[in-house]
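Open the model in your viewer and keep the selection tool at hand.

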Amino acid sequence: MNNLETDVVVIGAGTAGLPAAVTAAEGGAKVILCEKRGLTGGTGNRANAILGVGTRFQKAEGETLTPEEAYLQHMEWVHWRVDARLVSEFYQNSGDTIEWLAQEGVEFAGFQGFKRPGFHLTAHVVKGVPPGPKQLGQAAEAMKILTRRAKQLGVQLLLKTPVKKLLKRNGR
């Protein structure tokens with residue numbers, strides 16, 4: 001059994017774990033990122049779009065949809081049968097998430113879909129993903145970029161490493 005010492009342990013190198021590890025490392029923490037699978041990205045590797053509302057990219061294209069409007073459309077679509085607070089937080093933070101990804105090196109090259117009545121430019125296309133009818137792989141490319149960023153920051157990435165137990169000393 002290996003004993004590792006660090007400031008922060010992140011368990012899971014997916015759409016939440018990778019950003020958590022990058023953010024902790026940027027803050028000066030020594031970070032170990034453990035992933036049970038042999039690759040990073042988690043379910044983000046299957047997503048075909050990265051949603052964001054209220055980004056500078058949208059504003060440059062004349063998109064006026066607000067997070068509040070997107071939230072109401074979503075809630076009406078699901079007949080208010082979901083956690084309203086969680087959906088609201090998602091839309092309120094989605095634009096900041098796109099901006100953070102851009103700051104971390106993800107380049108955006110437009111939008112998936114067409115600007116026409118009733119539709120909005122919310123699905124951000126990542127530069128470098130081969131063009132196609134559905135722009136598959138948008139989030140997967142972003143996960144690759146975040147993985148490279150984590151490595152640049154010195155995050156120790158342990159693939160094929162399921163976490164079974166964390167040992168604490170003096171409450172840490």
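Select Val53 first. In this predicted model, Val53 is buried, because its relative accessible area is 3%, and buried means under 20%. Val53 sits in the loop that links strand S3 (50–51) to helix H2 (56–60).

Now show what surrounds Val53. Beyond the neighbours within four places in sequence, Val53 contacts Gln58, Leu65, Thr66, Pro67, Ala70, Tyr91, Ser94, Gly95 and Thr122. Then pick Leu33, 20 residues away along the chain from Val53: the two C-alpha atoms are 29 Å apart.

Next, the largest nonpolar core. Which of its 25 residues touch the most other members? Select Val31, Leu33, Ile50, Leu101, Val106, Phe108 and Val155. Colour helix H1 (17–26), strand S2, helix H4 (84–103) and helix H5 (138–152): each gives this core at least two residues. H5 brings the largest share, 6 residues.

Zoom in on Ile50. Setting aside residues up to four places away in sequence, Ile50 touches Ile98, Leu101, Phe108, Thr122, Ala123, His124, Val126, Gln138, Ala139 and Ala142. Another core, of 7 residues, lies apart from the largest one; Leu65, Ala70, Met75 and Tyr91 are among its members.

Last stop: the largest pocket. It holds about 1,000 Å³ of space. Select Leu4, Val9, Lys165, Leu166 and Leu167, which lie nearest its centre among the 23 lining residues. Colour the lining by type: 11 residues are nonpolar, 4 polar and 8 charged.

Conventions. Residues are numbered from 1 along each chain as its sequence is written. This is a predicted model: local features need pLDDT of at least 70, side-chain atom pairs count only at pLDDT 80 or more; totals for chains, interfaces and linings use all residues. Side-chain values use heavy atoms; hydrogens and water are left out. On a 1 Å grid over the protein atoms alone, a cavity is a set of points where a 1.4 Å probe fits but cannot get out, and a pocket is an open set with protein on both sides within 12 Å along at least five of seven lines; lining residues have an atom within 4 Å of a point. Grid points are joined across faces, edges and corners, and a volume is the space filled by probe spheres set on the points. Ala, Val, Leu, Ile, Met, Phe, Trp, Tyr, Cys and Pro count as nonpolar, Asp, Glu, Lys and Arg as charged, and the others, Gly among them, as polar. A nonpolar core is a set of buried Ala, Val, Leu, Ile, Met, Phe, Trp, Tyr and Cys residues joined through side-chain atoms within 4.5 Å. Buried means under 20% relative accessible area, exposed over 50%, partly exposed in between (1.4 Å probe, protein chains only). Helices (H or I, at least four residues) and strands (E, at least two) are DSSP runs, numbered from the N terminus. Contact means heavy atoms within 4.5 Å.
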